[in-house]
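Try each task before you read its solution.

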Amino acid sequence: CAATMAQANKSVPAPVNPFTLAAKGKMTVEKREECHRKDQVEKELQMYKAMPRIVTSDDAAAWWWNMRTTYPYLSDMAFSYLCVQASSTPS
């Protein structure tokens, strides 16, 4: 995404009208934001993988809450899974 954004930005003079970009087939504001999110998630994932592992007896929800400013996208995803209650009964 970063390379695509750089290439699109080279050929587009400032100020940029998103409607003009969409009409010309250039990168839209929404596409730039999507690329930025993808790049940010990839960066967060690489940083997370490089971290030492936490002790499994620690509270995972508390750990993600404390790390929410460092990993905003990953912590949002973690909370969507951590909020599900465990159950031993078949559904």
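**Exercise 1: a helix and its buried residues**

Task: find which residues of α3 are buried.

Solution. The buried residues of α3 are Arg32, Cys35 and Glu44. Buried means under 20% relative accessible area, exposed over 50%, and partly exposed in between (1.4 Å probe, protein chains only). This is a predicted model: local features need pLDDT of at least 70, side-chain atom pairs count only at pLDDT 80 or more, and totals for chains, interfaces and linings use all residues. Residues are numbered from 1 along each chain as its sequence is written, and side-chain values use heavy atoms, with hydrogens and water left out.

Next, check the length. Helix α3 covers residues 29-50, which makes 22 residues. From first C-alpha to last it reaches 32 Å, close to the 32 Å expected at 1.5 Å a residue. The expected span is 1.5 Å times one less than the number of residues.

**Exercise 2: the whole protein**

Task: state how many helices and strands the protein has, and what share of its residues is buried.

Solution. Count 5 helices and 0 strands. Helices (H or I, at least four residues) and strands (E, at least two) are DSSP runs, numbered from the N terminus. The pattern along the sequence is α-α-α-α-α. Of the 91 residues, 16% count as buried.

**Exercise 3: rings around Tyr71**

Task: classify the pairs that Tyr71 forms with Trp63 and with Trp64.

Solution. Start with the rule. Rings of Phe, Tyr and Trp (its six-membered ring) pair if their centres lie within 6.5 Å; planes under 30 degrees apart count as stacked, over 60 as edge-to-face and the rest as tilted. The whole structure holds 7 aromatic pairs. Trp63 and Tyr71 are 6.4 Å apart centre to centre, with 25 degrees between the planes: stacked. For Trp64 and Tyr71, the centres are 6.2 Å apart and the planes lie at 70 degrees, so this pair is edge-to-face. Tyr48, Trp63, Trp64 and Tyr71 form one aromatic cluster.

**Exercise 4: Ser75**

Task: is Ser75 buried or exposed, and which residues does Ser75 contact beyond four places in sequence?

Solution. Locate Ser75 in helix α5 (residues 72-82). Its relative accessible area is 2%, so Ser75 is buried. Beyond its neighbours within four places, Ser75 is in contact (heavy atoms within 4.5 Å) with Trp64 and Arg68. Last, look at Tyr71: its backbone oxygen lies 2.8 Å from a polar atom of the Ser75 side chain.

Definitions and conventions: A polar contact is a pair of N or O atoms within 3.5 Å; within protein, one must be able to donate a hydrogen and the other to accept it, and residues adjacent in sequence count only if both atoms are side-chain atoms.
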